[in-house]
Amino acid sequence: MKDSNLIERYVHEVGAHLPAKTRHDVQQELRSLLQDAAAERGLSETDSQAISALLREYGHPEVLAASYQKEKSLIGHWLYPAFRLSYTIAAIVVGIVFAIGFALQVTQAGFSAAELLKFVLELAQALIFNLGVVVAVFVGLQAFGVGQQPPAATTWDPAKLPQVQDPNRVNRTEVLVGMLFTLLALLVFNFAPQWIGIGGWQDGRFELIPVLTNSFLRFVPLMSALWLGELALKAAVYRSQRWTKALRWVQVALNLAAVGLLYTLVRNAMFSDMDIVNSIIQITLSIAMVVTAIETVYKAYKLLTRKEN
């Protein structure tokens with residue numbers, strides 16, 4: 001195991017038990033304190049045993065994180081990570097359910113600004129209600145003494161701190177596979193759209209019935225332009241091997257273009273002459289539009305608040 005980044009692993013672990021609004025500042029302060037303390041003792045990053053001894057003096061990461069949250073009283077220090085995870089899961093489930101409901105609404109009655117505003121308000125109301133429920137559950141757990149005990153300091157070993165994962169580093173294989181699928185979509189929709197259909201065996205031979213209509217295929221040039229943009233972005237990410245702030249903004253811009261294109265398709269295109277196929281494609285694209293819109297807003301928020309790259 002490489003111990004050369006023990007301080008960074010300790011700082012990261014402390015931050016994992018802190019609220020997002022204070023995490024960055026606390027981590028900066030703690031990193032500076034530890035680096036200064038190591039320098040005063042003449043320690044280098046490779047002095048793993050001495051660095052471990054220094055970290056033990058500062059205490060278990062969860063205990064130290066709790067000392068930064070003395071003002072928090074509604075949810076106890078030891079329950080807060082579990083509370084945060086529980087609400088995140090609940091919010092994701094609520095978001096998916098509402099996205100499916102909105103997609104069905106769009107396919108049945110069409111899209112309108114009033115319906116979108118209603119969707120946003122009802123989603124916010126549901127998220128606030130779920131927050132209240134989760135808070136009530138954890139306050140109840142706290143009242144019965146669940147999760148009140150700090151972790152055992154005697155069994156804590158700095159060498160076992162988890163490695164810090166770089167969120168901006170990319171898996172080049174995954175990026176390459178994504179590029180190949182995008183290129184495949186470009187080729188099929190532009191040169192062989194008749195390959196997209198419903199197939200089956202009849203009289204001993206395979207037959208394929210194309211399902212896409214000319215009403216949909218006239219949007220292929222717009223789709224191709226978006227895919228070319230995504231190919232260019234993936235190529236840049238593959239080359240740099242990591243996400244940069246500029247590349248993430250390009251991703252946000254492409255996502256916005258994708259939302260606009262999906263909205264145009266759902267509103268104006270007849271995908272297939274078969275009603276069931278047409279409905280399935282409309283629902284799928286409507287869900288993709290809502291999910292992409294939510295994801296784009298979240299990414300832009302993280303970039304604007306400098307919580308990402």
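This is a predicted model: local features need pLDDT of at least 70, side-chain atom pairs count only at pLDDT 80 or more; totals for chains, interfaces and linings use all residues.
Residues are numbered from 1 along each chain as its sequence is written.

Two packed helices are described by the angle between their axes and the distance between the axes. Helices here are DSSP runs (H or I, at least four residues), as are strands (E, at least two), numbered from the N terminus. Axes are lines fitted to C-alpha atoms, for helices over the stretch in contact, and angles run from 0 to 180 degrees between N-to-C directions.

Helix α7 (residues 172-191) packs against α9 at about 160 degrees, with the axes 10 Å apart. The pair α7 and α9 is therefore roughly antiparallel (angles over 145 degrees; under 35 is roughly parallel, 65 to 115 roughly perpendicular and the rest oblique). The crossing of α7 past α9 is left-handed (the near helix is turned anticlockwise from the far one by less than a right angle; clockwise would be right-handed). Residues in contact have heavy atoms within 4.5 Å. On α7 they include Leu-176, Met-179, Leu-183 and Phe-189; on α9 they include Met-223, Trp-227, Leu-231 and Tyr-238. The contact of α7 with α9 holds 15 nonpolar, four polar and four charged residues. Nonpolar covers Ala, Val, Leu, Ile, Met, Phe, Trp, Tyr, Cys and Pro; charged covers Asp, Glu, Lys and Arg; the others, Gly among them, are polar.

Helix α9 (residues 220-240) also packs with α10 (residues 245-268). Their axes come within 11 Å and cross at roughly 160 degrees. Hence α9 and α10 are roughly antiparallel to each other. This contact includes Leu-222, Leu-226 and Leu-233 of α9, and Val-250, Leu-254 and Leu-261 of α10. By class, its residues are twelve nonpolar, three polar and one charged. α9 passes α10 in a left-handed crossing.

Asn-278 lies in helix α11 (residues 275-304). Beyond four places in sequence, Asn-278 touches Met-270, Phe-271 and Ser-272. A polar atom of the Asn-278 side chain lies 3.4 Å from the backbone nitrogen of Ser-272.

Thr-213 sits in the loop between β2 (205-210) and α8 (214-217). Leaving aside neighbours within four places, Thr-213 contacts Met-270, Phe-271, Ser-272 and Asp-273.

Key
Side-chain values use heavy atoms; hydrogens and water are left out. A polar contact is a pair of N or O atoms within 3.5 Å; within protein, one must be able to donate a hydrogen and the other to accept it, and residues adjacent in sequence count only if both atoms are side-chain atoms.
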